[in-house]
Amino acid sequence: MTKILIVEDEAGLRQGLEINLRMENYETVLAGDGEEAIRVFHAESPDIVLLDLMLPKKSGFEVLDHIRKFSKIPVLLLTARGQETDKVRGLRGGADDYITKPFGLQELFARIDAVMRRSDATSLTTKTICEDTLIKLDPSTREASAKDQKLKLSPKEFDLLMYLFRNKERVVPRDELLSRVWNYRVDLNLNSRTVDTHVTRLRRKLQKAVGTDAAVIVAVAKIGYRYLGEASNAA
Ligand code: CA
């Protein structure tokens, strides 16, 4: 059962969330301030955190910062309307998504589902083999091949390809690649050129192995990259 840590100082909202999430078959643990949040986080090892930003004792940002030192579990911020800069700060600080109060329960459930799904897909420690008609990546041996030809990938190229593969149903933003594949603490000085350079090198290796000019990984202007695999040959 998925365990959710609800961090919210407003007692009514906290209890409302608790009741409704339990009815959806989530296990819940609660915290009413920032210090309690950190305590409960360590004691209960939740699978996901719903985190209010304005909290007594320690702010949501401090809690987020603390959690990110230990864990990559999904953190969904509960923000108030008009806190635009807070949302950006929270996302750059490693939050996975935010939801603006007041929100409907259906929206909350949908967002929880989405961040949980993404977190499964984005875990680089999962040892499941990634395979389609074009490539095969084995995370336990770190072996990579394309059309049965061995690929010589650097560790970062391997992680990058695996990450794009696991998220192939969407375009992955450069910022996300930097934070997930490179483990960059996301700040304002991040350099998305790092991502571009690695993708270029990776593409060259893939094309050499596959022997076509088809773009296995496509760039989506101003956003990021998407793995298309062999589908790109048909296009
Ligand atoms: Ca609050």
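**Ground rules**

The model is predicted, so I take local features only at pLDDT of at least 70 and side-chain atom pairs only at pLDDT 80 or more, while totals for chains, interfaces and linings use all residues. I number residues from 1 along each chain as its sequence is written, and side-chain values use heavy atoms, with hydrogens and water left out.

**Entry 1: domains**

I looked up the division of the chain. Domain 1 covers 3-123 and domain 2 covers 126-234. The bounds come from an automatic or database domain assignment. I find 30 Å between the C-alpha centres of domain 1 and domain 2.

**Entry 2: the parallel sheet**

I name helices and strands as DSSP runs, numbered from the N terminus: helices are H or I with at least four residues, strands are E with at least two. Two strands count as paired if DSSP finds at least two bridges between them.

In what order do the five strands of the open sheet with parallel pairing stand? I read β2-β1-β3-β4-β5. β2 (27-31) and β5 (97-101) are the edge strands, and each pairs on one side only. On average, neighbouring strands here are turned by 20° against each other, direction ignored. For angles, axes are lines fitted to C-alpha atoms, for helices over the stretch in contact; values run from 0 to 180 degrees between N-to-C directions.

I checked one pair. β1 and β3 are joined by four bridges in the parallel sense. L5 stands opposite V49 in β3.

α3 lies across β3 and β4 (75-80), at about 155° to β3.

D9 sits in the loop between β1 (3-7) and α1 (11-23), and M54 in the loop between β3 (48-52) and α3 (60-70), so the pair links parts of the chain 45 residues apart.

I also looked up exposure. Buried means under 20% relative accessible area, exposed over 50%, and partly exposed in between (1.4 Å probe, protein chains only). D9 is partly exposed at 34%. M54 is exposed at 53%.

**Entry 3: the antiparallel sheet**

The other open sheet I looked up has four strands in the order β6-β7-β8-β9, with antiparallel pairing. β6 (130-131) and β9 (149-151) stand at the edges with a single partner strand each, so one side of each lacks a neighbour in the sheet. β7 (135-138) and β8 (143-146) pair over four bridges. I135 has A146 in β8 as its bridge partner.

Helix α6 (155-166) lies across β6, β7 and β8, at about 115° to β7. Helix α8 (193-210) also packs on the sheet, touching β7, β8 and β9, and its direction makes about 170° with that of β9.

**Entry 4: cores**

A nonpolar core is a set of buried Ala, Val, Leu, Ile, Met, Phe, Trp, Tyr and Cys residues joined through side-chain atoms within 4.5 Å. The largest has 30 residues; I135, L161, L177, L206, I217 and Y227 touch the most other members. α6 gives the largest share, seven residues. I listed contacts of I217, leaving out residues up to four places away in sequence: among them are L161, L164, V199 and Y225. Apart from this core lies another of 20 residues, including V29, L55, F61 and I73.

I checked α7 (174-181) too. Seven of its eight residues are buried, so α7 is largely enclosed by the rest of the structure.

A cis peptide bond joins K101 and P102, with omega about -5°. P102 lies in the loop between β5 and α5 (105-122).

N25 is not a glycine, yet its phi is positive, about 70°. N25 lies between α1 and β2 in a loop, and is exposed at 55%. D148, also not a glycine, has a positive phi of about 65°. D148 is in the loop between β8 and β9, exposed at 79%.

Definitions and conventions
Contact means heavy atoms within 4.5 Å.
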